[in-house]
Amino acid sequence: MIIGGSKTQVIENIKQATAEGRFNDKVEIGDPDLSAKEKTGQVTRYLKNRNSLIYRFLNVCARAMVDTGSKVLNRHTEIEGLENLRDLEGGVIVTSNHFNPLDNTAVRVTVNRAGYRQLFLVSQDTNLAMKGWIGFIMNHEDIIPMMKSRQYLSGSFEEQIADTLRKGHAILIYPEQEMWFNYRKPRPPKRGAYYYAAKNQVPVVSLFVEVRDLRKKDNEEFRKVRYTVHVLNTIYPDPDRSIRENSMQMMKQDYEQKVKVYERAYGKKLGYEFEEDDIAGWIPSGD
């Protein structure tokens, strides 16, 4: 499903970013543009509203909508390696490649099948300012807002992460940070997801979503696609290592196994020189 208008400029931004080695930078256009004060206000209101009865009611409604929508959208999605989640208990950090506004639905159906009834998403603060049904979901689903404030990150944000994990839930954190639309390749990760896993002594559920083109068009720029979720080896922190040592090692292992499954799935070595095939379903102009 294509959300938003033309992706021509987004693809150009991806080309430029890969050429310059900026694999975690924003390439999307048209996202809400908020000042630091506005971002703080959005997050403060969201956290305050989350304690209200009306929020709790709407949260149940939003979760039901997302769960149902996830099942419908992923009725043809394949899941490989689910046995790797068989013995999991308690809170977990989930990592996956980030290439679509709805790729979290494939993650959701995967962790649901592993026994996790709720999936919490770490989401950028600007997403709280979105309008329409996406804005409703962002403001009433199981969201942990991310705000680039040292005070917030070391305080409320870490508390939300720790509390959610203590309650035995799964938290999806995209280590690639920004979404690159339909980009097939695993991108070098940032350390945050692994830091929170190491600090809270919980495992990392490592996923990679393979994206295959179908013949039918979605619109004039893209063909429809189908997902295969690869459930990779779960990564556990070593109790004898420091938080930093654990986070670095867990990040390294996660990236390496995502690269390995990418190369196996697509039958070629990973390289970051841009190719048209890097964008799943894309129909380049004139084709």
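Author: What follows takes a few residues in turn. This is a predicted model, where local features need pLDDT of at least 70, side-chain atom pairs count only at pLDDT 80 or more, and totals for chains, interfaces and linings use all residues. Residues are numbered from 1 along each chain as its sequence is written, and side-chain values use heavy atoms, with hydrogens and water left out.

Reader: Where is Asp125?

Author: Asp125 lies in the loop between β3 (119–124) and α5 (132–140). Helices (H or I, at least four residues) and strands (E, at least two) are DSSP runs, numbered from the N terminus.

Reader: Which side chain of opposite charge is nearest to Asp125?

Author: Lys39, 4.6 Å away. Asp125 is buried but has no salt bridge. Buried means under 20% relative accessible area, exposed over 50%, partly exposed in between (1.4 Å probe, protein chains only). A salt bridge needs a side-chain nitrogen of Lys or Arg within 4 Å of a carboxyl oxygen of Asp or Glu. For charge, Lys and Arg count as positive and Asp and Glu as negative, while His and the chain ends are not counted.

Reader: What does Asp125 touch?

Author: Not counting residues up to four places away in sequence, Asp125 touches Lys39, Val43, Met146, Met147 and Lys148. Contact means heavy atoms within 4.5 Å.

Reader: New topic. What is phi at Gln177?

Author: Gln177 is not a glycine, yet its phi is positive, about 70°. Gln177 sits in the loop between β5 (170–172) and α7 (192–199).

Reader: And Asn182, buried or exposed?

Author: Asn182 is buried, at 4% relative accessible area. Its phi is also positive, near 55°.
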